[in-house]
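Q: Before we go through the features one at a time, please show me the sequence and the model.

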Amino acid sequence: MYELPALHLGTFHGDKQLLTPFLNASGMAFDPRHALAFTLLFPFNVFTEVSVPAELESLDELATWLYDIA
């Protein structure tokens, strides 16, 4: 889970169509809020690869926008 931000935002450039099969194949328990927590704690700025919409008003909305694959 620690490397998920680098993989999803760095390598996948935030593309959930690439994230979805990775998560499905990994078998990890997954919660977008936990993924966001790891993203915010990640020691490198992984947000340089994605443009976060200005209209997001909460961390829950950011977690959903970045990581919700449902």
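A: A salt bridge is a side-chain nitrogen of Lys or Arg within 4 Å of a carboxyl oxygen of Asp or Glu. This is a predicted model, in which local features need pLDDT of at least 70 and side-chain atom pairs count only at pLDDT 80 or more, while totals for chains, interfaces and linings use all residues. Residues are numbered from 1 along each chain as its sequence is written, and side-chain values use heavy atoms, with hydrogens and water left out.

Q: How many salt bridges does a search of the whole structure find, and which side chains meet in a salt bridge?
A: Side chains of opposite charge can pair when their charged atoms come close. Here the search of the whole structure gives one salt bridge. It joins the side chains of aspartate 31 and arginine 33, with 3.1 Å from N to O.

Q: Does aspartate 31 count as buried or exposed, and what of arginine 33?
A: Buried means under 20% relative accessible area, exposed over 50%, and partly exposed in between, with a 1.4 Å probe and protein chains only. Aspartate 31 counts as buried because its relative accessibility is 18%. Arginine 33 counts as exposed, at 52%.

Q: How do I read the packing of two helices, and at what angle do the axes of H3 and H4 cross?
A: Two packed helices are described by the angle between their axes and the distance between the axes. Helices (H or I, at least four residues) and strands (E, at least two) are DSSP runs, numbered from the N terminus. Axes are lines fitted to C-alpha atoms, for helices over the stretch in contact, and angles run from 0 to 180 degrees between N-to-C directions. The axes of H3 (residues 32–41) and H4 (residues 59–67) cross at roughly 95° and come within 8 Å. H3 and H4 are therefore roughly perpendicular to each other. For the wording: angles under 35 degrees count as roughly parallel, over 145 as roughly antiparallel, 65 to 115 as roughly perpendicular and the rest as oblique.

Q: Which residues of H3 and H4 make the contact?
A: Contact means heavy atoms within 4.5 Å. H3 contributes Pro32, Arg33, Ala35, Leu36, Thr39 and Leu40, and H4 contributes Leu59, Asp60, Leu62, Ala63, Leu66 and Tyr67. By class, the residues of this contact are nine nonpolar, one polar and two charged. Ala, Val, Leu, Ile, Met, Phe, Trp, Tyr, Cys and Pro count as nonpolar, Asp, Glu, Lys and Arg as charged, and the others, Gly among them, as polar.

Q: What is histidine 8 in contact with?
A: Histidine 8 belongs to helix H1 (residues 4–11) and counts as buried at 0% relative accessibility. Apart from neighbours within four places in sequence, its contacts are His13, Gly14, Asp15, Lys16, Leu19, Leu66 and Tyr67.

Q: Which phi does histidine 13 have?
A: Most residues other than glycine have a negative phi, and most peptide bonds are trans. Histidine 13, although not a glycine, has a positive phi of about 55°. It lies in the loop between H1 and H2 and is partly exposed, with a relative accessible area of 47%.

Q: Which residue caps the N-terminal end of H2?
A: Aspartate 15 does, with a side-chain oxygen 2.7 Å from the backbone nitrogen of glutamine 17.

Q: Where is tyrosine 2, and what does it touch?
A: Tyrosine 2 lies in the segment before H1 and counts as partly exposed at 42% relative accessibility. It touches Phe38, Phe42 and Pro43, not counting residues up to four places away in sequence.

Conventions: A polar contact is a pair of N or O atoms within 3.5 Å; within protein, one must be able to donate a hydrogen and the other to accept it, and residues adjacent in sequence count only if both atoms are side-chain atoms.
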